[in-house]
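Here are my notes for a first look. Please keep the model open and follow the points in order.

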Amino acid sequence: MFWLLPLLLSLVSGWFLSRTLTSRAWTSPAGLSWPARGAEAALAILFGPGLASIGFFLLTVANFAGKLSALGTAAALALLSAGVWWKYSQPDPIRVDAQPDRQFPWKWILLGAAVVGSALFLLDFQTASSANPNGEWDATAIWNLRARFLAGGTETWKRAVSAEIGGRMTGSAHPGYPLFLSSFLALQWTAAGNSEVAVPIAASLLFSLGLWILLTTGLASRRSVSLGALAGLVLVASEVFVSQAASQYSDLLLGFAFLAVLMLLDAASEHASRRLWIAAGLAAGFAPWIKNEGLPFTLAALAVVAWKFRRRGLAWTAVGAAPGLLATFILKLISEGRESMFPATLGDAFSKIADVSRWWQILLGFGKAIWDAGTPWAHPVLLLIALGMVLGFRLPAERRARFWLWIPILAALAAEYGLYIVTTADLTWHISTSVGRLLAQLWPSLIWLTLILLKTPEEHFPLSTIPSADPIASGKKKRVRAQSTP
């Protein structure tokens with residue numbers, strides 16, 4: 001169980017960093033503070049392990065990785081983050097009531113349903129992990145295998161960045177594959193001195209829960225608690241999320257980073273703050289460090305920042321993105337061989353692009369993945385449509401003000417579509433084995449992007465129907481009404 005120590009130290013460093021950078025991103029509807037705290041805790045799950053994985057990777061490349069240096073890196077990050085928080089901490093999140101005197105009578109029913117849904121998710125995760133503790137195929141062949149090579153120290157770590165890792169077999173040989181997950185696992189294994197099977201299971205659970213918590217509490221703190229609960233219910237009703245949670249892959253972790261970037265940029269659009277730009281950049285820098293598909297998303301996000309926030313916003317966002325982008329650059333620099341799924345020549349690529357049948361086959365593959373994203377009677381797409389019909393959409397001006405947040409996600413989708421077009425692997429096999437995972441990367445952000453365009457349940461209750469929760473404020477309002485009556 002010694003592996004828990006670097007894990008906890010990573011979470012501590014992430015907590016202090018999240019508190020320092022993002023406390024102003026969250027509000028507290030009706031004076032509630034737990035949604036803001038939940039969002040900060042969720043980001044801690046991304047920030048802390050992300051920086052710890054980069055630190056361990058750099059130690060490994062420098063041939064300094066060992067039990068003491070691994071623990072020392074995690075401890076140093078925790079102390080440094082605590083020091084930054086001590087010096088630059090801000091007051092608690094702004095406490096505002098986004099909907100004055102509006103209450104949703106069935107809010108606690110939705111919260112209860114969200115808790116039950118999360119409990120069922122945990123039971124499903126436990127069952128899947130018990131049946132397959134080593135994860136699915138790619139966990140064994142890619143993520144966990146690379147982690148074991150990294151944890152092997154100077155004698156084996158270079159195998160993690162070599163084409164020989166998969167015997168040069170298409171689908172397994174990925175030199176230069178990003179190492180966020182593998183390096184974070186290797187940090188814990190190195191500190192513990194063994195390859196405890198619980199480490200990747202705990203990491204998968206941690207990142208899946210962090211994603212769920214960020215989606216629910218992020219919406220709860222910035223819009224309403226009821227809308228956050230509905231978002232959580234839609235996510236746990238999504239087979240594309242539940243089935244991937246215990247796989248020990250990096251796809252949900254990438255979706256976690258995508259969602260964090262979009263939420264933080266949305267907050268930065270309302271509260272122009274260099275801390276929020278740094279936080280958004282930190283999450284954006286992690287995306288290509290998690291998976292190759294994260295690079296087009298990050299480039300699009302930086303382009304959007306340059307457009308929306310001009311040079312000042314871009315500069316601070318780039319500062320935040322620097323650790324992840326630098327680690328990714330070093331990884332590509334030291335990798336041996338090339339990605340086997342990319343065409344060797346431009347001629348090969350253009351011949352595949354010109355094949356219209358490939359475009360259609362890929363479109364059908366994504367359609368099937370969407371169909372398989374949930375059960376027909378409670379399909380998450382149908383749930384979102386139903387919520388749109390019941391809650392209604394916000395004013396057109398409010399919707400247009402956030403359409404720019406779709407750009408990075410659309411860029412990631414276009415890149416994933418383009419990868420299928422030019423892949424050298426058998427297209428039917430490639431689509432069938434990966435399109436569901438690609439959808440898992442995008443789906444949490446698509447839920448959030450849809451729900452922020454809707455009205456909250458509280459907005460459907462007039463001010464006069466629900467008495468104020470504050471008797472003093474209620475009395476003052478009554479006196480004001482009495483004095484204003486002719």
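1. Start with one pair. The side chains of Gln441 and Asp251 are joined by a polar contact of 2.7 Å. (A polar contact is a pair of N or O atoms within 3.5 Å; within protein, one must be able to donate a hydrogen and the other to accept it, and residues adjacent in sequence count only if both atoms are side-chain atoms.) This is a predicted model, where local features need pLDDT of at least 70 and side-chain atom pairs count only at pLDDT 80 or more, while totals for chains, interfaces and linings use all residues. Residues are numbered from 1 along each chain as its sequence is written, and side-chain values use heavy atoms, with hydrogens and water left out.

2. Gln441 belongs to helix H18, residues 427–451. (Helices are DSSP runs of H or I with at least four residues, strands are runs of E with at least two, and both are numbered from the N terminus.) Gln441 has a relative accessible area of 0%, so it is buried. (Buried means under 20% relative accessible area, exposed over 50%, partly exposed in between, with a 1.4 Å probe and protein chains only.) Beyond its neighbours within four places in sequence, Gln441 is in contact with Asp251, Leu254, Gly255, Phe258, Lys291, Glu293 and Glu416. (Contact means heavy atoms within 4.5 Å.)

3. Arg437 is also in helix H18. Its relative accessible area is 13%, so Arg437 is buried. The side chains of Arg437 and Asp251 are joined by a polar contact of 3.5 Å. A polar atom of the Arg437 side chain lies 3.4 Å from the backbone oxygen of Thr433. Arg437 and Tyr249 are 188 residues apart in sequence, yet 8.9 Å apart in space, C-alpha to C-alpha. With neighbours within four places set aside, the contacts of Arg437 include Asp138, Gln244 and Lys291.

4. Now step back to the helix pair. Helix H10 (residues 251–270) and H18 have axes that come within 8 Å and cross at roughly 25°. (Axes are lines fitted to C-alpha atoms, for helices over the stretch in contact, and angles run from 0 to 180 degrees between N-to-C directions.) H10 and H18 are therefore roughly parallel to each other. (Angles under 35 degrees count as roughly parallel, over 145 as roughly antiparallel, 65 to 115 as roughly perpendicular and the rest as oblique.) Among the residues that make the contact are Asp251, Leu254 and Phe258 of H10, and Arg437, Gln441 and Trp448 of H18. By class, this contact of H10 with H18 has eleven nonpolar, three polar and three charged residues. (Ala, Val, Leu, Ile, Met, Phe, Trp, Tyr, Cys and Pro count as nonpolar, Asp, Glu, Lys and Arg as charged, and the others, Gly among them, as polar.)

5. At what angle do H2 and H6 pack? Helix H2 (residues 34–61) and helix H6 (residues 180–192) pack at about 75°, with axes 8 Å apart. H2 and H6 are therefore roughly perpendicular to each other. The contact of H2 with H6 has nine nonpolar, four polar and no charged residues.

6. Two backbone points deserve a look. Asn63 has a positive phi of about 60° although it is not a glycine. Asn63 sits in the loop between H2 and helix H3 (67–88). Arg310 is not a glycine either, and has a positive phi of about 65°. Arg310 lies in helix H12, residues 294–334. Its relative accessible area is 53%, so Arg310 is exposed.

7. Last, the whole chain. The protein chain has 19 helices and zero strands. Of its 486 residues, 55% count as buried.
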